[in-house]
Amino acid sequence: MTVITGHVRTFYQLLLNTGLVSVINFTVWFAVTFWTYLQTRSVFATGIISGIFLVLTALTGIWFGSLVDGHRKKTALQGSAVASLLFYSGALAVYLAVPEHAFQDPADARLWAFVLLLMFGVIAGNIRTIALPTLVTLLIDEDRRDRANGLVGTVSGTTFLVTSVISGVLVAFDGMLSVLLLALAVLGLSLLHLAFIRIPETVAPHETGATAGVDIRGTLRIIAGVPGLFALILFSTFNNFLGGVFMALADAYGLSLISVQAWGLLWGVISTGMIIGGIAVSRTGLGKRPLRLLLLINLALWAIIMIFPLWASIIPMAVGMYLYMLLVPYAEAAEQTILQRVVPYERQGRVFGLAQSVEQAASPLTAFLISPITQFVFIPLMSDGGAGARAIGSWFGTGADRGMAVVFILTGVLGIVATTIALASRPYRALSHRVAGPTEESDPAPAPA
């Protein structure tokens, strides 16, 4: 059927608005991670922050998906911005009231109260992450949605570019104060802009037999009805289990090699890869086999994570991470396109939310486990006098960064093995066939003028 036409401009405005808010949310995320490490010099503390973020993401995904499906998309976007605004305001109050020396102790409850308020504000922005792919379904013709998903990747890359530069510079300038003031200003502008955008929709009616609200059972029935979709979600879950290693240690690894200002600027340069990759997807699309492309991209990503730590230098890490960012938009666009094709529109928010919760549920475990394991096992292993340092230190190097490098390499090997198994599996073939089939059931009904 023909999808709603004449609303591409609305999609661009929403993409711009979401990109603006994503910039500030990721600025807060990067900044608090940088700032905490610099205040405490604790890899364990930065790992715990990553774990908190991922736990909250996993716990809220299904609920956020039900909010997106059960309300107008504009209301969901506005509610997300208001919630972030309130949490950041609370964090600013704590920051101004607590003496600086309290933030230098990783065991101080006031530090973690501040971090939690910031994380709640960032997590509230995930409502937008779930709503955006459903807006692609609503506003963009089915045969061009993969390209629209590529534009989403371009905006994500631009977000990382701006974020990394802003966060590193602001943290070096005056800690978290400028970050929080900027966050409050940007969220206020976002709410003002949203007030003038009209999204042509009605609240999606719940299909016969479905339960209003979260309705996990009904959402599971939808997923079970698509051969191979559960397997895709499980594969992504395992990927994120391994990805939690990178998320927990990347900043500490980079900051062990260069200064925070240089690290922030480097992330800005690296993030141009995501912009270029997103533009490439928006121009060429994903082809007829997005699932196969998704798995092949994953092979390349894990190979990068395995190779760049072989040298104790920021240069191979920068090159590897640039290639990584170049490929990420293809993987993200492929997964979004697959779900948009096989899931009914009125259920997409909850399916995207459930997938986010399940996929992210593994990462907190990794983040919580890998930081102390790295701190107390692998770093001593590769420090002078450690067994690993004696065995391979002559060519691999020694020290804290080399301990983290060993963890990255082992993670990359596991990722390659898992992806190779997935490519050879029966669920992969079943879902690939379904994705190539008719997709009319996923199109939204036209909204009244």
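User: How many helices and how many strands are in the chain?
Analyst: This is a predicted model, where local features need pLDDT of at least 70, side-chain atom pairs count only at pLDDT 80 or more, and totals for chains, interfaces and linings use all residues. Residues are numbered from 1 along each chain as its sequence is written, and side-chain values use heavy atoms, without hydrogens and water. Helices are DSSP runs of H or I with at least four residues, strands are runs of E with at least two, and both are numbered from the N terminus. The chain has 16 helices and 0 strands.

User: What percentage of the residues of the chain count as buried?
Analyst: Buried means under 20% relative accessible area, exposed over 50%, and partly exposed in between, with a 1.4 Å probe and protein chains only. The chain has 449 residues. The buried share is 57%.

User: At what angle do α2 and α5 pack?
Analyst: Two packed helices are described by the angle between their axes and the distance between the axes. Axes are lines fitted to C-alpha atoms, for helices over the stretch in contact, and angles run from 0 to 180 degrees between N-to-C directions. Helix α2 covers residues 43–70 and helix α5 residues 126–139, with axes 9 Å apart. Their packing angle is about 50°.

User: Which residues of α5 make the contact with α2?
Analyst: Contact means heavy atoms within 4.5 Å. From α2 come T57, G61, F64, G65, L67 and V68. From α5 come N126, I127, I130, A131 and T134.

User: Why are α11 and α15 roughly antiparallel?
Analyst: Angles under 35 degrees count as roughly parallel, over 145 as roughly antiparallel, 65 to 115 as roughly perpendicular and the rest as oblique. The axes of α11 (residues 290–307) and α15 (residues 400–423) come within 7 Å. They cross at roughly 160°. The two helices are therefore roughly antiparallel to each other.

User: How many residues of the contact of α11 with α15 are charged?
Analyst: Ala, Val, Leu, Ile, Met, Phe, Trp, Tyr, Cys and Pro count as nonpolar, Asp, Glu, Lys and Arg as charged, and the others, Gly among them, as polar. The contact includes R292 and W302 in α11. It divides into 13 nonpolar and 6 polar residues, and the charged count is 1.

User: Is H7 buried or exposed?
Analyst: H7 lies in the segment before α1 (8–40). H7 touches L139 and P200, leaving aside residues up to four places away in sequence. With a relative accessible area of 18%, H7 is buried.
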